[in-house]
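The exercises below are to be worked with the sequence and the coordinates open. Each task is followed by a solution in steps.

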Amino acid sequence: MKKALGLISLMMPGIALAAPTNEELQQQIEELRAQLEATASAVESAQVDSNPVTLGGYGEMHLNRNLESGADDVIDFHRYVLFVGKQLGEKTYFFSEFELEHSLAGEGKPGEVELEQAFIEHEITQNVSFKTGLFLVPVGILNETHEPDTFYGVERNNVEKNIIPTTWWEGGAGFSGQYDALSFDLAAHSGLFINVLATDDAGDANPEYKMRSGRQKVAEAKANKLAYTARVNYSVMPGVSVGGALQYQEDVTQGIADIDAQLIEAHATVEQNGFGLRALYAQWMINEKIEDFKSGAKEQKGYYIEPSYRINESVGVFARYSFWDNLASDSDDSDFKQTDIGVNYWLAETAVLKADFAQQEDAAGDTSDVINLGVGYSF
C-alpha cells in the first residue's frame, strides 16, 4: 500500500505538468470544430449525391415503302432524344429534352437539332405545382406522351400532327394540379406565327395557313402576342379517362393582320382487359380575316378513332381511321382520310417493333398505299 501511494505521488507532478494551457485548449477546440465542419460538409455532399442527375430518352427508326409505281422508299432514323433531369431542392426540379431529327443536321441536311423541353417545376402544395421555361403544350393525347413504345403505328397520327399540331412546345409559365381523379393545367405562353404574307421561290403570294407551320419552337420567336391554354382530364375509372383542352391565340400573325384563333380539343382513352381505344376531335376557329389571304383557312379540324387489342404482353394489333381538313370552311373539297391497320411487338416493356399498312385518300379521291416498318425504344 505504501509503495502504491509512493508511485502515485511520484506521478502527480508529471500529470500536473501535462495539463494543457488555455491556448492549447483553444487550439484543440478549433481543431475539433474544423473536424465537425468537415463532417457536416461530407454529410451534406452525401445528401446532394442522393439526388443525382437523371438520364433518359427515346428513339425510333422508320422504313416507309410506298406501293405506288415509281415512288421513293425511305428509311430514316426519325428521332434520337435525350432527357436530362435534376432535383434542385426539396420541392424544385429541372427537366429537359434534347432531340436530333433525321439523323443528320446542318446546312443542306434533312435533320434538325431541337430543344423540346427545358423548364423548372416547383411543388407549391401536395396537389399543385408551378413551372416555367420551355415546355410541351398541354393538349391532346400525344403531345406530352409520344415515346414510340406508348402508341400504336409507326408514324404518329395525322390529326394530332396536322391540326393540334404535335409535337408542339412553347415558352411561358403554368400551373398543374391533381385532385383524386381530376387533373388540370393552366398556362400562358408564346404563340404561333402564321406568315400570311409569305411568298414562293418565284416571289408569288403563297401564304402560310396551316397551324403546324406556325410553330416557332421558341427560337427567337416573335412574342408580340401571347397564347393561353387550359386542359382538364378526368379518370372515370382505372383505365378509362376523358379530357379536353381550350386554347386562345391573341394573334397568330403576331401583328401583321390581327387574326386571333381558338382551339378546342376533346379526347378519350380506354385500356381494359387488353382492349384499347383512343378517340380525339380537334378544331381551330380562326378569325375570318385569314380568308383575305387563304380561302377556307378560318376552320381547320380533324378527328380519329383507334381501337386496339393487346393479345398478350408482347403482341398488340390496332386499326385507325383519321379525317382532317386544313381548309374546312371552303366549299371545295380539301379533306384527307386515312385508314391504318398494324401490329406492335414489344421485345421488352419499352422496346417495340412495329408494322402497319396505311392508305390515304385525298379530296379528289386519289389514294396512296404505304407499308411502314419501325423500331422504337425508351428508357
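Helices (H or I, at least four residues) and strands (E, at least two) are DSSP runs, numbered from the N terminus. Residues are numbered from 1 along each chain as its sequence is written, and side-chain values use heavy atoms, with hydrogens and water left out. This is a predicted model, in which local features need pLDDT of at least 70 and side-chain atom pairs count only at pLDDT 80 or more, while totals for chains, interfaces and linings use all residues.

**Exercise 1. Confidence and overall content**

Task: State the average pLDDT of the protein chain, and find where pLDDT stays under 50.

Solution. 
- Step 1. pLDDT is the predictor's confidence in each residue, from 0 to 100. Its average over the protein chain is 91, and 87% of the residues score at least 70.
- Step 2. Residues 1-18 stay under 50. For this stretch the model has 0 contacts beyond four places in sequence, where contact means heavy atoms within 4.5 Å.
- Step 3. The protein chain contains 3 helices and 16 strands.
- Step 4. Of its 379 residues, 37% are buried. Buried means under 20% relative accessible area, exposed over 50%, and partly exposed in between (1.4 Å probe, protein chains only).
- Step 5. Take the contacts between residues at least 6 apart in sequence: 54% of them join residues at least 24 apart.

**Exercise 2. Ala319 and its strand**

Task: Locate Ala319 in a strand, list what Ala319 touches, and follow the strand pairing from β13 to β14 and from β14 to β15.

Solution. 
- Step 1. Ala319 belongs to strand β13 (residues 315-325). With a relative accessible area of 28%, Ala319 is partly exposed.
- Step 2. Not counting residues up to four places away in sequence, Ala319 touches Ile305, Glu306, Pro307, Asp340 and Ile341. Pro307 is 12 residues from Ala319 along the chain, and their C-alpha atoms are separated by 5.8 Å.
- Step 3. Two strands pair if DSSP finds at least two bridges between them. β13 and strand β14 (residues 336-348) run antiparallel and are joined by 10 bridges. Val317 stands opposite Val343 in β14.
- Step 4. β14 and β15 also run antiparallel, with 11 bridges. Val343 has Ala355 in β15 as its bridge partner. The two strands are joined by a hairpin through 2 residues.

**Exercise 3. The β6, β7 and β8 strands**

Task: How many bridges join β6 to β7, and how many join β7 to β8?

Solution. 
- Step 1. Strand β6 (residues 169-179) and strand β7 (residues 182-190) run antiparallel, joined by 8 bridges. Tyr179 has Leu182 in β7 as its bridge partner.
- Step 2. The hairpin of β6 and β7 has 2 residues between the strands, and Asp180 there takes a positive phi near 55°.
- Step 3. β7 is joined to strand β8 (residues 226-237) by 9 bridges, and these strands run antiparallel. The bridge partner of His189 in β8 is Ala227.

**Exercise 4. The largest nonpolar core and the aromatic rings**

Task: Identify the members of the largest nonpolar core that touch the most other members, then classify the ring pair of Trp168 and Trp284.

Solution. 
- Step 1. A nonpolar core is a set of buried Ala, Val, Leu, Ile, Met, Phe, Trp, Tyr and Cys residues joined through side-chain atoms within 4.5 Å. The largest has 27 residues, of which Val139, Trp168, Met211, Leu280, Trp284 and Ile286 touch the most other members.
- Step 2. β10 (261-272) and β11 (275-286) each supply at least two residues of this core. The largest share, 4 residues, comes from β11.
- Step 3. Rings of Phe, Tyr and Trp (its six-membered ring) pair if their centres lie within 6.5 Å; planes under 30 degrees apart count as stacked, over 60 as edge-to-face and the rest as tilted. The structure holds 11 aromatic pairs. For Trp168 and Trp284 the ring centres are 6.3 Å apart and the planes are at 45°, so the pair is tilted.
- Step 4. Trp168 lies in the loop between α3 (158-162) and β6, and Trp284 in strand β11, so the pair ties together parts that are 116 residues apart in sequence. Both Trp168 and Trp284 are buried.
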